[in-house]
Amino acid sequence: MTTTNDARTTATTGRGSGGGRAAATRIAALGRAELTLLLRNKTMLFTALLLPALVTFGMRGVVGQMGDGLGDVGLTVGTVLVPASVGFVLLFAVYSNLVGTYVVRREELVLKRLRTGSATDTEILVAAALPSVVISVVQCAVLLACGALVLDLEAPRRPDLLLLGLLLGTVTMAALAAFSAAFTSSAEAAQLTPMPLMLVSFAGSGLMIPLELFPDRIADICRLLPLTGPMELVRGGWTGSLGGADMLKALAVSVGWTALSVYAVRRWFRWDPRR
Amino acid sequence: MDIGETVIETTGLRRRYGPEGDGGFEAVRGVDLRVARGELFALLGVNGAGKTSTLELLEGLERPTAGTVRVLGHDPYRDRALVRPRTGIMLQAGGFPAELTVLETARMWIGTHPGATRPLDEVLAAVGLADRRRVRVKQLSGGEKRRLDLAMALVGRPEVLFLDEPTTGMDAEGRQATWELVRELRAAGTTVLLTTHYLEEAEQLADRLAIMRAGRVEITGSPAEVTATRPARVRFRLPDDVSPARLPLALPAAAEGDRIEIRTQDVQGALTTLLLWARDERVELLDLDARSATLEEAFLALARQDGGATDEPAATSGVAA
């Protein structure tokens, strides 16, 4: 189970003409154009490339002050911050940026125009997300490596869990971005609509305060949030501390959110600015 | 490719926006169309008549509320993957990212078309955009954007071409060039369905046309057939000492001061009666002018009928720039 493998399955499941290779060609052509657009948009580049690192760096002092509290629940500054950086990447580079991308492309009638061609709906949505997703995956790798070096972490115990968490988190965030775009009517509004999920995730998905420090009942509710499952998988994959039952639960919640968000896109996504 | 094969066919086509009842709006109310292979068919109507709503159903972008659409024998919405590679679609506006250059746009679009074999430069040259390739789409003029749209609709060498107001925003020269291109495509056997605000465009290009009003097709036929539904007009002035009352009774003449207008389906008969009378009576007809009805007259007459009022004044849209 790797990222490349999954991208290929997603591409071929559409009812596109010409099979998998043609689908890959179309996604590549659209993704390349999307990358060009991303590189020309300074706000998006800043959000994707700098914000996650800046926020992670800024959080270092805050998490440091939690001091003994972390040790009591078996955590260190590193095991909190490094996975949190992955969460920031997913929220800024994937979720927040993609809400804007989908809204702007729809309002510019690009999505409608693309649907007049041979690409399938899935291919169009995947291609629009591709540059952001690739940037976020590369960035996660860099942040994890740097963070580990700076914060003296050992190598991940279960890299497979870590990757799975990253993968499910990425798909869910991209799909939720497309879903949020359905309720966003302009580029300006796209600055606001991502806020609720971002704030809830900051507070409740263990990005700023580990769930272990929450009262049990509140922590249980927080474990149902869309980003919490992937974050637990990423952290558990790194520390190897996630028990069997907890792991299965985190996995189930993550897969559930991925399925639900993909369904929501199929059901509610709007291709046309009208209405 | 037998002649007369139906390429586009709709029956009882309806499209509703919003809920049943007063809350919603039915933009297409039972449209039956049939376009044969190789035909150039124009869909006319004032703004809000339902042209674009109909076109989007034919293009397979939206699903009809009721009725059926067949394009090349398939349902263009459900069998999108089968129909798309054989059609070219030019939307009414926009559709390319403002920050990409012409070249990047073309490369992207051609990349999504596995069957597109024409070299990129040739595609752009065909619409006169070869020297604008490094310009961003946002910096193109309205007419240039339309030409880029058209070029992109053509990359797959479509059998069926949908053009939604293809020349809106173009200058006279650009319009002529586009007409020429459309004529060439038609000559090569492409079936073209276009909507337009310019009646001259329909008159020049269309084999057949339909005029829509309030979501329905009011009339279908060749431009000549549609025009023939309206009376021709004979106009002249009478000298001051000749009273209109002296005109032969057989002529359906209307007088306004010294200006006389005769509206008739039979121009030749009316003119013969008039000219023989003038010779016999030794009357000089001043500023004599006889002309057939124009498509514009036929269009306006239909558009002005009661109940046709939608959201735009009908009288201006036929000649809107």
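This is a short tour of a predicted model, stop by stop.

**Stop 1: chain A as a whole.** You will find 12 helices and 0 strands. A compact globule of 275 residues would have a radius of gyration near 19 Å, and chain A agrees, because its own value is 19 Å. Of these 275 residues, 51% count as buried. Among the chain A contacts that join residues at least 6 apart in sequence, 80% link residues at least 24 apart.

**Stop 2: the largest core.** Next, select Tyr95(A), Ala174(A) and Ala177(A). These residues have the most contacts inside the largest nonpolar core, which has 148 residues. Which helix gives the largest share of this core? Colour α5 of chain A, residues 77-107, which supplies 19 residues.

Stay with Ala174(A) for a moment. Beyond its neighbours within four places in sequence, Ala174(A) is in contact with Val94(A), Leu98(A), Ala129(A) and Val133(A).

**Stop 3: a second core.** Move to chain B and pick Val234(B), Leu238(B), Ile260(B) and Ala270(B). They are included in a second, separate core of 7 residues.

**Stop 4: where the chains meet.** Finally, show both chains together. The contact takes 26 residues from chain A and 23 residues from chain B. On the chain A side, the elements giving two or more residues are α2 (19-39) and α6 (110-115).

Note on methods:
Residues are numbered from 1 along each chain as its sequence is written. Chains are lettered from A and ligands numbered from 1 in the order in which they are written. This is a predicted model: local features need pLDDT of at least 70, side-chain atom pairs count only at pLDDT 80 or more; totals for chains, interfaces and linings use all residues. Two residues are in contact if their C-beta atoms, placed from the backbone, lie within 7 Å. Helices (H or I, at least four residues) and strands (E, at least two) are DSSP runs, numbered from the N terminus. A nonpolar core is a set of buried Ala, Val, Leu, Ile, Met, Phe, Trp, Tyr and Cys residues joined through C-beta atoms within 7 Å. A residue is buried if 20 or more other C-beta atoms lie within 10 Å of its own, exposed if 12 or fewer, and partly exposed in between; C-beta atoms are placed from the backbone. The radius of gyration is taken over C-alpha atoms; the globule rule is 2.2 Å times the number of residues to the power 0.38.
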